[in-house]
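Let's take a friendly walk through this protein, stopping at a few places along the way. Please have the sequence and the model in view as you read.

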Amino acid sequence: MINESDIINLKSQLLKGTLEYCVLLILSSGKNYATEIFRRLKDASIDSSEASIYTLLKRLNKENKVEYEWEESPFGPPRKYFKLTETGRVYLKLIDKTWRDMTDSIMKIENS
């Protein structure tokens with residue numbers, strides 16, 4: 001019998017595999033700060049925490065896939081804006097191709 005914890009675990013596993021892709025997609029349209037990235041994910045019904053977004057951005061920065069710059073904010077303290085590096089853009093293209101290949105394969109199985 002499938003229960004609520006099974007569903008939560010499944011969503012968590014799928015999220016781990018796609019959160020990086022989603023964050024890189026958001027950043028592909030321009031620089032953004034972590035709270036706005038979190039809001040856009042939430043608006044898309046992707047459950048995550050701000051802490052996990054910050055952790056992911058920190059790792060992506062160490063891997064030279066994103067970089068950041070500080071900008072003054074009219075609404076309070078300066079904000080750290082993240083943007084894709086060239087390495088990040090190349091990596092996003094790789095993820096995108098891999099994602100599309102995988103979904104095509106799944107569709108072939110589903111339609112056979």
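Leaving aside its neighbours within four places in sequence, which residues is Gly88 in contact with? They are Asn64 and Lys65, where contact means heavy atoms within 4.5 Å. Before going on, note that this is a predicted model, in which local features need pLDDT of at least 70 and side-chain atom pairs count only at pLDDT 80 or more, while totals for chains, interfaces and linings use all residues. Residues are numbered from 1 along each chain as its sequence is written, and side-chain values use heavy atoms, with hydrogens and water left out.

Gly88 itself sits in helix H4, residues 86-110; helices (H or I, at least four residues) and strands (E, at least two) are DSSP runs, numbered from the N terminus. Its relative accessibility is 0%, so Gly88 counts as buried (buried is under 20% relative accessible area, exposed over 50%, and partly exposed in between, with a 1.4 Å probe and protein chains only). Ser49 is 39 residues from Gly88 in sequence, and their C-alpha atoms are 22 Å apart in space.

Now look at the strands. S2 (residues 66-73) and S3 (residues 76-84) pair in the antiparallel sense over 7 bridges; two strands pair if DSSP finds at least two bridges between them. A hairpin of 2 residues joins S2 to S3, and Glu71 stands opposite Arg79 in S3. As a reminder, in a regular strand the side chains alternate between the two faces of the sheet.

What about the aromatic rings? Rings of Phe, Tyr and Trp (its six-membered ring) pair if their centres lie within 6.5 Å; planes under 30 degrees apart count as stacked, over 60 as edge-to-face and the rest as tilted. By this rule there are 3 aromatic pairs. One of them is Tyr33 with Tyr81, edge-to-face at 5.4 Å centre to centre and 70° between the planes. Because Tyr33 lies in strand S1 (residues 32-33) and Tyr81 in strand S3, this pair ties together parts that are 48 residues apart in sequence. Both Tyr33 and Tyr81 are buried.

The rings of Tyr68 and Phe82 have centres 5.9 Å apart and planes at 55°, so this pair is tilted. Tyr68 belongs to S2 and Phe82 to S3, so the pair links parts 14 residues apart in sequence.
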